[in-house]
Amino acid sequence: MPRLFLSLLATTSAVLLPILVMAAEPGSSTLPQLDSRTYPSQIFWLIVSFGLLYYLLKTKAIPRIADILETRQDRINADLDRAARLRAEAEAALKEHDRIIAQAQAEAQRRLREAQDRLAADLARHQAQLDAELARKLHDAEARITAAKRAALAEITGAAVELAQAATKRLAGIEVGVEEARAAVLRVAGKGGS
Amino acid sequence: MASPLQQFEIETIVPIQIGGFDLSFTNSSLWMLIAVGLTYWLLIYGTRQHALVPNRLQACVELAYEFVANIVRDNAGKEGLRYFPLIFTLFLFIFMGNMLGMLPLPFGFTFTSHIIVTFTLAMGVFIGVTVLGFALHGAHFLHFFVPQGAPKVMLPLLVPIEILSYCVRPISLSVRLFVNMMAGHTMMKVFAGFIVSLFSFYAIPAIAPLAVSVALTGFEFAVAFLQAYIFTVLTCIYLHDAIHMH
């Protein structure tokens, strides 16, 4: 749409302009722009000054400005490069640091585990020794108790036999042999329980 | 009182006749040379320190450089940067011509308010761009006048329209600049004239045209820049057409 409008405007101008120029008889115009007698001079000096400016800019000013901008850009790029390099270095150092920390942690953990294992092993060993000792002592004690019990029983049986002999002799006046008395005691004791 | 159009009068300073042509050095020629000298001096003086951190003038110079470079890059692509010196010259010359025309001097003159000047510039652009188009694409450049995707039956109508719209480019380009400069300066002169004629009767009413005059002056500065910018952008767009077609 703007393109169409532009073309329309341009077309109108294209039609109108020659008419305007033709209407402007040399010298008769009140509009100085349409005085075609001044055209050669204006065109000539336009070409001269434009050409001069073009030459001056192309050979002097533009290289100079471009040089300044390029120098600045180079400087900025160099600074950016250096910043990137330093950053990479810092990152590498950080990574190395992390690696060392991780290594140290792993080492510490390993030692801790070793110590724990050793302690647990020691503990188990000591426990086993203690258990064995206790078991032995218990066994000894049980043996001693059994022996004492047996001795006591034997003593009680002996006393009961003598008591039976004496009682029989005193009450019945019968002399009873040791063997007979023992058998009788044992028979009664067995009947009576334990 | 002088006519508002008197400011556009060409006055001969040094008469020069070469081969039957009147190539006199005129007020127009003088201001063109002043524009060239001032532009060059500003660019060179502004960058005299080659400062890494620019001072104000150098910042302006760099700003102008990058401004035009961006116009070229945005509108004509990277390939267009080859023609950057020409576009830069074009922009600065027109811009300086428009701005110098704003100087309130008794012998002040705006050379861009003359159709022949803007037309010569536009013709230069037009011929240059057309030659470039044919040089880059050969006869294939004629395809530029065939709109893509248009129905075949429409082509006999569309192609002449395309060719016509292409050929009126220098006219629209030059008329736009010339009319803007001329109309603006005429308006300023007319309103300035009102101030004087009203003031000779009563002082108070003269404030109204004065206010308009102040506003118009600011407006004219904007137009002076804008027209240089538009001329440059359109030149870059034409350049883009020649380099890339479509």
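The contact takes 39 residues from chain A and 42 residues from chain B, where two residues are in contact if their C-beta atoms, placed from the backbone, lie within 7 Å. This is a predicted model, in which local features need pLDDT of at least 70 and side-chain atom pairs count only at pLDDT 80 or more, while totals for chains, interfaces and linings use all residues. Residues are numbered from 1 along each chain as its sequence is written, with chains lettered from A and ligands numbered from 1 in the order in which they are written.

**Side of chain A that touches chain B**
- α1 (2-23) and α2 (39-171) of chain A each supply at least two residues of this side; helices (H or I, at least four residues) and strands (E, at least two) are DSSP runs, numbered from the N terminus.
- The largest share, 25 residues, comes from α2(A).
- By class, this side has 24 nonpolar, nine polar and six charged residues (Ala, Val, Leu, Ile, Met, Phe, Trp, Tyr, Cys and Pro count as nonpolar, Asp, Glu, Lys and Arg as charged, and the others, Gly among them, as polar).

**Chain A overall**
- Chain A has three helices and zero strands.
- Of its 194 residues, 10% count as buried (20 or more other C-beta atoms within 10 Å of the residue's own, with C-beta atoms placed from the backbone).

**Helices α3 and α7 of chain B**
- Residues of α3(B) that meet α7(B) include B:Phe91 and B:Phe95, and the α7(B) residues in this contact include B:Phe225 and B:Phe231.
- The contact of α3(B) with α7(B) has 11 nonpolar, four polar and no charged residues.

Note on methods:
A residue is buried if 20 or more other C-beta atoms lie within 10 Å of its own, exposed if 12 or fewer, and partly exposed in between; C-beta atoms are placed from the backbone.
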